[in-house]
Amino acid sequence: MMSGTPHQRPDDRIAITGMGVLSPIGQGVEAFWSGLINGVSGITTIERFPTHDLRVRRGGEIKQLRDIRGLARPLPACRASQFLIHAATEATRMARLPEAVAAGGRVAVVIGSALGGIAEAERWHEQPGDLHALAGAPYDGPTRQLARWLDATGPVLTISTACASGATSLGLGVDLLRAGAATAVVAGGMDVLCRFVMRGFNRLRSLTRDEVRPFDRRRKGLLLGEGAGVVVLECAQTARRRGITPCGYVLGHASCADGAHITAPDPQGRGLEQSIRLALANAGVRGEEIEFISAHGTGTPLNDRMETQVFKKVLGARAYEVPVNSIKAHMGHTMGAAATLETIMCLLAWRYGQIPPTLNYGEPDPECDLPYVTGHARTYRPRLSLNTAAGFGGCNACLVLAGGE
Amino acid sequence: MKHEAHRVCYPQAGGVAVRGWGLFTGWGEGLQSLPTLPAVAMQGQRLLPVATPALASERLRRATRECLLGVAAVQAALDHSCLAPHEVAGARTALVYASASSYAAANWTFVTSETENALHFPYTAPSAVPAEVTIQFGITGPYLTLLSGANAGIEALWQAATLLTTAQCDRVLVLGVETFQACAELYTTGRWLLGTPLLEAAACLVLERHPSLAAVRYRAQWGTHGLARLVAGERERALASVYLCTPTARAGQVAGHYLQTQWPADMSLVLLHERLGICLACAPLIALMLAVTAGQPEDVLLISQWWDAWAMVHWPESSCQAGH
């Protein structure tokens, strides 16, 4: 059906050489992993803005940002930009990217977000007068702040495929490298909790007063969270020449439309199915080779049922053998950050040989009958993983990932 | 490491052809509505609003003005391309959406409203505009929304070319929508962000694979001397025209002066802000329509700017386009 990259030579693969995390269960990759494996919940009562008039007042809020060591200049006031800079600082240090920049590398930035800088517009509305806050309010405001912070010289792109943004941004980063438009790409996703989004989901009644329970029969909805996930992408050959050991690889990607509904996923999951099939073809990987699925798994009745059906449709009988998890119950749905954080989780699962559990799972749903990882972390080292994501507007995305080796 | 860019993995299966387009702007419908003496026509105007299309569709009763403009532009592009709506339904048509401003109206209304409306919130997502298009035309192929300010139009053209040359789809609709009217007060307050006059627009290009054309090339540069670095490798190329899309008139004048020193005097330089007004991410899409219509035999260069970022696509053989 498509040419894509049927047989990627090792040097042609796109490597992830650095990872950075800011999440409600931990700031930094190691703290994040520890929280995932130990079943830590980052869901708390939201304290940073008023929630008295909302049905649900809980979410995955980051209470305090840790200081970053060795900053040469103060962080911007915009919280979304701060999130990005936190995660990107960790990722670029891990990838030793400053050395590459000093050697003349062309660094691109690709950031996905469901909300962009809308919290700045809210702030400006509450306290009019600070015109500069408006500059951070567009969707691309935080991306531009990050590009300045990194002294990027290549393309600087902002995308929004709603809650699939964190996967689409990595895919676009891969395309930039394959097109020769950059030598390294800092890519990822970010979103902050604010009244804007809490009010919206409150009115849609999508938020649960119960726990988030992906794939469980009792699941009633999602909770929102905030965070940022950033990775550094490079051609494997470039990474090898620089002496960097990759954390893993993005073998293939795709983002496709449902063409069905403005908010709800297509019950038949046509867009998600097409995304998975295109991403597998793009990677040159067959469905039966997949060893782990990091599902979108929001804990809404419709999403989890639809995703289960799609996995069975694409993988056939193999779907009943592949472990599946969702980490949304740990920290809520972090929107634009979610898929990048899940990508990082997949690569850490390979590194440490463990798959984090899906929290709060207790009662099987006959319509969700795949081998979900529940209760405790499972000892297993998945080399090839699928990471799926979906969002408002019928946005779907899929990444095919490989562990570092 | 120095500037070693690896062109790997993706097969470069020829180039991309423009099959047709649809255009609505504050000047009217279609390219022919653009004024011959825009400076005179624009005199004293800050904003040229586009008329909201009247679409007879019960399904679109809740859709925002931006969604209606998107749907209308796509329908016009299909008509111009002699394509029936059912021919773009399904997984082999992609939609790449670009905008710098179209989400602002719905977002600002929601931020400033005292009472929330559950039906309004979904339309605050920038993906609402392309979503309504995919629903209207049954598109389930590759799908992307680019929001990198005025550069999103150039990026959308590059991404469309990538999707086509890697055979992920057979056809791409590149859609841009820019509106300012609902937030006119906000834009006036923040005039240092954007120049005037602002031109509202909805533009859609239908692109298809064309094996005998050369590949579309994309480059982008961020930071000091961005434009100089961007075009440094382009001077030797024979070009019919350079189309310059900047978000302010002043930036356009400075950049235009620089570009004129870089190419022979017979190379045509079109400053989009002078030709149309400022329409951000829609400008490169309209520039490509103008280039194809001009029918010049050589290649064209489309350049755009947004803050510290410069982006360009090199579009081969504009006279070989419009194959409908």
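This note goes through the domains, the chain interface and selected elements of a predicted model.

1. Basis. Residues are numbered from 1 along each chain as its sequence is written, and chains are lettered from A and ligands numbered from 1 in the order in which they are written. As the model is predicted, local features need pLDDT of at least 70 and side-chain atom pairs count only at pLDDT 80 or more, while totals for chains, interfaces and linings use all residues.

2. Domains of chain B. Chain B is assigned domain 1 (15-210) and domain 2 (217-320), with bounds from an automatic or database domain assignment. Their centres, taken over C-alpha atoms, are 21 Å apart. The contact involves 37 residues of domain 1 of chain B and 34 residues of domain 2 of chain B; two residues are in contact if their C-beta atoms, placed from the backbone, lie within 7 Å.

3. The domain 1 side. On the side of domain 1 of chain B that touches domain 2 of chain B, the elements giving two or more residues include β1 (15-25), α5 (152-165) and β8 (201-210) of chain B. Helices (H or I, at least four residues) and strands (E, at least two) are DSSP runs, numbered from the N terminus. α5(B) gives the most, with 6 residues. By class this side has 24 nonpolar, 11 polar and 2 charged residues. Ala, Val, Leu, Ile, Met, Phe, Trp, Tyr, Cys and Pro count as nonpolar, Asp, Glu, Lys and Arg as charged, and the others, Gly among them, as polar.

4. The chain interface. Contacts join 62 residues of chain B to 67 residues of chain A. Elements of chain B that supply at least two residues to its side include α3 (104-112), α4 (128-137), α5, β9 (217-222) and β13 (309-315). The largest share, 6 residues, comes from α4(B). The side of chain B that touches chain A divides into 36 nonpolar, 19 polar and 7 charged residues.

5. Helix α5(B). This helix has 14 residues and reaches 20 Å from its first C-alpha to its last, close to the expected 20 Å; the expected span is 1.5 Å times one less than the number of residues. Because 14 of its 14 residues are buried, α5(B) is largely enclosed by the rest of the structure. A residue is buried if 20 or more other C-beta atoms, placed from the backbone, lie within 10 Å of its own. B:Ala167, which follows α5(B), has a positive phi, near 60°.

6. Strand β13(B). Of its 7 residues, 6 are buried, so β13(B) is largely enclosed by the rest of the structure. β13(B) runs antiparallel to β9(B), joined by 6 bridges, and B:Tyr218 stands opposite B:Val313. Strand β12 (residues 299-306) of chain B is also antiparallel to β13(B), with 7 bridges; here B:Leu301 stands opposite B:His314. Two strands pair if DSSP finds at least two bridges between them. β12(B) and β13(B) form a hairpin with 2 residues between them, and B:Trp307 in the turn has a positive phi of about 50°.

7. Core. B:Ala73 and B:Val174 have the most contacts inside the largest nonpolar core, which has 262 residues. Such a core is a set of buried Ala, Val, Leu, Ile, Met, Phe, Trp, Tyr and Cys residues joined through C-beta atoms within 7 Å. Beyond four places in sequence, B:Val174 touches residues including B:Ala156, B:Leu157 and B:Ala160.

8. A:Met19. This residue is found in strand β1 (residues 14-23) of chain A and counts as buried, with 27 C-beta neighbours inside 10 Å. Among the residues that A:Met19 touches are A:Val29, A:Cys247 and A:Leu347.

Conventions:
A residue is buried if 20 or more other C-beta atoms lie within 10 Å of its own, exposed if 12 or fewer, and partly exposed in between; C-beta atoms are placed from the backbone.
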